[in-house]
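Hi,

Here is the structure I promised to pass on. Have a look at it first, and my notes follow below.

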Amino acid sequence: MSSSQPLDLRLPTPGCYADPERAGTGADAVFDGMTEHLFFTIGKLAPTASLHDLYKALSYAVRDRLMTRYLASMEAIRAQPQKSVAYLSAEFLIGPQLNSNLLNLGIQKEAEEALRRFGIESLEHILEVEEEPGLGNGGLGRLAACYMESLASLQVPATGYGIRYEFGIFNQLIRDGWQVEVTDKWLKGGWPWELPQPDEACFVGFGGRTESYRDDNGNYRSRWIPAEHAIGVPHDVPVLGYRVNSCNRLRLWRADATESFDFYAFNIGDYYGAVEEKVGSETLSKVLYPNDGTDEGRRLRLKQQHFFVSCSLQDMLRSLEKRDLPVEDFASHWTVQLNDTHPAIAVAELMRLLIDDHHFVWEKAWEITTASVAYTNHTLLPEALEKWDLSLFKSLLPRHLELIYEINSRFLQQVRLRFPGNDLIQRKLSIIDEEGGKAVRMANLATIGAHHVNGVAALHSDLVKRQLLPEFAELWPGKFTNVTNGVTPRRWVALANPELSKLLEKQVGPDWITNMELLKQLESKEADKGFLEEFGATKLSIKRKLAGYIHRQTGVLVDPSSLFDVQVKRIHEYKRQHLNALQIITQYLRIKNGKAQGMAPRTVIFGGKAAPGYYMAKLIIRFLNGIAETINADPDMDGQLRVVFLPDYNVKLGEQVYPATDLSEQISTAGKEASGTGNMKFAMNGALTIGTLDGANIEIRERVGAENFFLFGKTESEIMELQNSEYRPIDSIKAMPELTEALRLIELGHFSNGDGELFRPLTENLMNSDPFFVMADFADYLRVQDNVSRAWTDRYQWNQMSLLNTARSGFFSSDRSIREYCESIWKVKPLNVEITCDVH
């Protein structure tokens with residue numbers, strides 16, 4: 001069936017069938033769908049149904065309405081083969097799905113009407129019970145989710161490949177100021193958005209040995225004989241585009257054992273042994289990012305990466321066979337994007353599949369691989385560029401190591417020809433790190449095997465070429481490019497900020513949601529006092545809602561009319577939450593010392609998780625909570641300063657925080673943040689940024705205007721100069737009496753119930769080494785924070801600046817990012833999916 005032909009929903013059609021009664025989008029059809037699923041799927045009658053039952057019934061009814069588009073999209077790519085995107089990522093932080101799918105289908109009002117017939121007055125009551133999928137942690141996974149949504153909205157055929165983690169990274173509790181990790185059992189109530197496909201499972205091998213042999217044509221070959229296997233079972237999650245028929249899929253792999261139960265072991269009394277293989281295999285998809293502080297943790301993480309990459313590549317190859325397409329045309333049908341180094345083993349695994357399973361010669365296999373794979377680098381931190389101990393790698397993936405040795409040998413021959421006699425460059429570019437304990441450098445493997453390597457912001461991409469991979473960039477200058485990150489306005493404005501969305505639609509029409517450049521029309525309202533008051537009123541309304549949430553969750557009362565100063569992101573020293581903390585203490589001391597003239601009343605809000613094994617980050621959380629406890633208990637701070645730490649920060653909470661923010665803290669050390677995406681979400685929702693020239697901050701400042709951005713801090717080149725000199729943080733401290741007083745107060749235990757030792761590791765780190773130059777930037781940061789206070793007192797001007805941030809944020813839509821990937825890296829075109837029948 002051609003995608004351009006009408007799809008008749010009245011009759012079954014080969015490969016794509018839809019029941020017209022389950023495709024209707026009116027309130028009656030949604031109500032009937034809920035009633036049917038309550039009875040037949042959940043086994044409940046409406047009078048006894050809980051809110052969670054109704055959530056699942058509505059979700060199943062909505063999923064039914066996705067199926068027409070989902071199956072039509074699958075049929076379209078089968079009937080009209082063209083290149084598709086395979087987006088490989090260890091994380092997909094997709095967030096709650098119900099409201100997103102309602103928005104994209106255009107049936108939020110119809111769902112609300114259907115719920116009223118069940119006695120539920122607001123859709124919000126149902127949305128509150130939805131669990132957040134534990135499939136990601138931070139910016140990497142959220143970016144992948146935004147990109148998948150934009151791919152579908154732009155009608156670009158794509159499959160996201162990842163792992164169906166049974167447990168998320170962890171849920172965060174705060175006890176006595178400390179982060180406590182508890183298991184994220186996000187699947188405990190079932191997840192209505194997935195479609196298990198056990199008949200499309202894949203086998204994945206680990207360990208064992210290789211042996212040489214000659215094939216029927218006398219060619220020398222190698223055969224891998226794994227010691228163990230796991231089965232990857234795909235679970236598909238439909239990813240619908242905004243008001244289009246295109247519905248892509250997120251294919252997540254669950255690990256199963258090849259043999260779940262050993263009857264012999266059980267019968268002789270070895271009860272653990274009877275299920276040992278099942279437990280071992282299924283551990284692969286148990287948890288996101290196992291702690292790699294132990295040998296077993298590192299082993300499991302490498303196994304996870306190979307597991308989902310191998311399943312995904314096998315799935316792509318199988319899709320060609322199903323459509324009778326030749327494997328040698330793989331690169332014409334799949335573009336394989338590696339989202340950071342976690343899936344970098346794909347270079348070796350695709351070579352293995354092509355050479356060992358499909359019997360291609362080396363040169364042809366390498367041609368296919370390098371024409372298919374592209375690599376996105378997301379970090380400049382050396383410790384985040386994955387390296388695997390050679391002995392560990394060999395024990396798990398012996399055949400892949402053989403292939404990597406051969407790739408490396410052929411590559412280094414090119415290097416010798418390009419840089420004759422330069423052994424230093426050979427050592428730096430080699431996939432095998434020979435320094436100390438030998439290791440496999442995954443970033444080098446990805447760079448060598450990819451046809452493009454991109455950074456995720458202009459500065460970051462420049463630093464990748466100048467600092468991280470300069471010799472590679474000199475060898476292959478055309479391989480390196482930039483695609484600045486973006487975020488989807490559907491979730492981060494339309495869903496998160498419906499009041500602002502209505503105002504935008506009233507001013508520029510409904511098409512802004514897929515063409516953010518239309519928001520530039522708002523610039524004409526810059527001097528419109530009435531409109532600015534309305535714009536400010538929407539912000540205040542959202543702030544009131546967040547204030548209510550803060551009180552319910554933490555017991556802290558905050559003033560919605562105060563400046564909401566927000567830093568929500570993963571807790572890490574380079575993100576410098578402790579820099580913010582020090583300026584809060586300084587403001588606290590000013591109030592206590594009667595020097596608070598001109599200071600804006602503030603509510604400072606933090607949120608974010610620390611990696612379980614990262615002691616300094618966990619100490620920073622304790623520090624922030626100690627400050628909050630002290631300040632919030634001090635009557636002198638009433639009406640002037642409040643500090644809040646929001647536990648368990650996630651997408652769901654982010655949808656409340658981003659729209660309510662006045663000041664966005666983007667204060668990482670210049671040259672350390674690859675891009676950031678939270679900064680874009682804040683700007684879209686009208687928050688002003690205080691930030692360094694780091695990551696995408698630079699491009700945000702260029703777009704919104706320097707006068708609408710609070711800039712501070714040393715530049716990346718100035719930070720480099722400090723690194724290369726004998727930087728002494730104590731000199732910065734001595735030059736700032738207020739900073740000296742703040743540090744003294746910490747050492748006296750003022751924020752730790754008199755315990756002067758608790759925060760000593762933090763203060764000594766700042767005073768002695770200060771690896772992220774907190775002390776060097778503090779004076780300028782404090783100066784600019786004073787500018788923020790002055791700006792806040794002129795609410796008319798503040799609303800002007802806020803409006804211009806929203807109006808000029810269109811560049812940061814993930815739709816723009818995806819268009820750039822499609823045009824400059826993937827060479828992929830949209831595929832129109834036609835469904836011409838009336839399903840209303």
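Let me start inside: helix H6 gives the most to the lining of the largest cavity, with 4 residues. Helices here are DSSP runs of H or I with at least four residues, strands are runs of E with at least two, and both are numbered from the N terminus. Please bear in mind that this is a predicted model, where local features need pLDDT of at least 70 and side-chain atom pairs count only at pLDDT 80 or more, while totals for chains, interfaces and linings use all residues. Residues are numbered from 1 along each chain as its sequence is written, and side-chain values use heavy atoms, leaving out hydrogens and water.

At least two lining residues each come from H3 (98–105), H6 (139–153), strand S9 (228–240) and H19 (489–495). The lining has 16 residues in total, with Gln-97, Ser-100, Ala-145, Glu-149 and Val-239 nearest the centre of the cavity. A cavity is a set of points on a 1 Å grid over the protein atoms alone where a 1.4 Å probe fits but cannot get out, and lining residues have an atom within 4 Å of a point. The space inside is about 210 Å³, counted as the volume filled by probe spheres set on points joined across faces, edges and corners.

As for the whole chain, it has 33 helices and 23 strands. Buried residues (under 20% relative accessible area, 1.4 Å probe, protein chains only) make up 61% of the 840. The C-alpha atoms fill a box of roughly 90 × 75 × 65 Å along the principal axes.

Enjoy exploring!

Definitions and conventions:
1 Å grid on protein atoms, 1.4 Å probe; cavity = no way out; pocket = protein on both sides within 12 Å on 5 of 7 lines; lining within 4 Å. Buried < 20%, exposed > 50% of the residue type's maximum accessible area, 1.4 Å probe, protein only.
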